[in-house]
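Biologist: Can you walk me through the aromatic packing here? Keep it brief.

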Amino acid sequence: MAPAASPPAGPEQPPRPPPPPRRTRGRPPPLRRSSSASASGPGHRCRPLLLSTPIFYANGPPHLGHLYSALLADALHRQRGLRGAGPGRFSTGTDEHGLKIQQAAAAAGTSPPELCARVSALFRQALTQAAVSFTDFIRTSEPRHQRAVCHFWGALQERGALYKGSYEGWYCTPDECFLPESQLAERTDSQGRTYKVSLETGHEVHWTKEENYMFRLSAFRDPLQKWLRDNPRAVFPDPFYQRVLHWLGDDLPDLSVSRERSRLQWGIPVPGDSTQTIYVWVDALVNYLSVVGYPETHGEWWPAAHHVVGKDILKFHAVYWPALLMAAGLPPPEQILVHSHWTVRGQKMSKSLGNVIDPSACIGQYTVDGFRYFLLRQGVPERDCDYYDEKVVKVLNSELADALGGLLNRSTALSINPSNTYPYFSESCFPKILDYRETKALGRASAEDYEFVVSVASLPLQVASYFEDFQIYKALECIALCVRQTNGFFQRHRPWKLNRNHPAEKLWLDTIIHVTLECLRVFGTLLQPVIPCTADKLLSRLAVEPEERGLSNLTFLPRYNGKPCPFEGRQLGPDTGVLFHRLEKSSQHQIENKRL
Ligand code: MSP
């Protein structure tokens, strides 16, 4: 027998194809922390973290974009849990104060508290329906949050970070911020009236003059630059990090952090000055501290916090928030994970265009796991992605229904596996060899089989590395590729043609099924953070017990390395039917036509 080496083993022994190339970031490597997965295996450097979504404005129902922010965070949170990181926390909630909400309530003929209660419940329901596994849901109208904000304000004041000044400028209510002339454009309406809008969002601005409390943001330019230089993964992915550095290269004017109470009543009053209301962004950002019990118990978690945010709110999270924290005597969060936006058939999603996608309708149409899979498989954080129904149907049919579901169905069919057990692997059919490219394969396996088994063996590490790099779509792409390869392996050897009554044929037949089920077990385990229900169904069918579903001890094909396989001979779980139903072409357009 050939000497044992180059094993298609579990993640503790990196197999031959090296993990995917790491991104180059245009800065010298020593500055960069390496990802835990590529450093020493998927289970390394795991510790409890606070992961957060942005808190959602309570002025309208949830849409596709909101759900995407939440799903990215959910997949990371679930994946960390499966890596054995301990009981991490995962927060979400609703942002309920400010002019935007005050005006939306007035327009709806209701009061702000009533509107917020209704919309907040819609968000909670939508996230729960999408299996977003949040551990904390915060509403900024809750007393625990108001207490935290007042305390935070006190810390800023005590440390000399606030002063009162007269402020005038162009104010954009929908974006809740003042804008400099350089960020404005002039427009003319149908009556010939000229008005100014924000260049970035297109929202109208109004000249506003008030007495405000100002935050000494300008004093934090150097500390912010140092923080970023020392923590090159603090804002991630890299293009967003570069964007923040670029902003910090410009002037950083002080920030108005309160509004006159006469204009804005729906908000937290400035402690000790009832004529002023705290700026909604200061109020909202502090939610990340309120959920961890600021000002009493936050020390157990802070600054081990990772915020998932959309690119439109990057400046608030990567400039204002770290500066506010430093000013209040707290360290900045560990990481800000940024994603881009979804468009719909190439257009920005907007109420006026009537193309806002309702996540609940999508879930009704494509199932919870189907829709989760689609958004995470097709969403690329670095760039905007386009939504249309045909794409959802195509991706789900080909990857979940046909490739993954078909593979499970074919490899567990009673016609080829009448005992319905996890069959035995035969070392004589699939012997361990030094190098499949140089040695004539022994047994029944071909060079192609060795290559395929090596690529599945490297999958857990690759997937962990992509999760660490906030590239969940790439992790899913790798899994989809391996599923295709496994189908190729199964098809190539036509197990249905082998005669179970012939001893030699039986050994090879069982080995083919064993290898295929091992692949499915790895795919099911790795897919849990993204499609929890489907993965559970798959793993239950393979009789994988809950305590055998972790990522830190995921080994693939241990028998190839001469180690025992706990699954061999085990009775498979009951057949609970099709893993993922094919979607009919007729379901296309249904969602886009059913608008919010
Ligand atoms: N309330 C603020 C966040 C305060 S966090 C301290 C807010 N809320 S929001 O409801 O407008 O947006 C919440 C999230 O949804 C943001 O991350 C935003 O980027 C995301 N999305 C809104 N529209 C989106 C798309 N079209 N596509 C993807 N995500 C988008 O901002």
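Biologist: Is phenylalanine 134 buried or exposed?
Modeller: Phenylalanine 134 is buried, at 18% relative accessible area. Buried means under 20% (1.4 Å probe, protein chains only). This is a predicted model: local features need pLDDT of at least 70, side-chain atom pairs count only at pLDDT 80 or more, and totals for chains, interfaces and linings use all residues. Residues are numbered from 1 along each chain as its sequence is written, and side-chain values use heavy atoms, leaving out hydrogens and water.

Biologist: And phenylalanine 137, buried too or exposed?
Modeller: Phenylalanine 137 is buried, with 7% relative accessibility.

Biologist: How many aromatic pairs are there?
Modeller: The structure has 24. Rings of Phe, Tyr and Trp (its six-membered ring) pair if their centres lie within 6.5 Å; planes under 30 degrees apart are stacked, over 60 edge-to-face, the rest tilted.

Biologist: Why is the pair of phenylalanine 134 and phenylalanine 137 called tilted?
Modeller: Their ring centres are 5.7 Å apart and the planes meet at 55°, so the pair is tilted.

Biologist: What about phenylalanine 316 and tyrosine 320?
Modeller: That pair is edge-to-face, because the planes are at 85°, with centres 5.4 Å apart. Both residues are buried. They sit four residues apart in helix H10 (residues 314–327), about one turn. Helices are DSSP runs (H or I, at least four residues), numbered from the N terminus.

Biologist: New topic. Which ring does lysine 315 lie over?
Modeller: Lysine 315 lies over the face of tryptophan 247, 4.9 Å from the ring centre. The cut-off is NZ of Lys or CZ of Arg within 6 Å of the centre and within 35 degrees of the ring normal.

Biologist: And arginine 263?
Modeller: Its charged end sits over the ring of tyrosine 171, 5.4 Å from the centre.

Technical notes
Buried means under 20% relative accessible area, exposed over 50%, partly exposed in between (1.4 Å probe, protein chains only). Helices (H or I, at least four residues) and strands (E, at least two) are DSSP runs, numbered from the N terminus.
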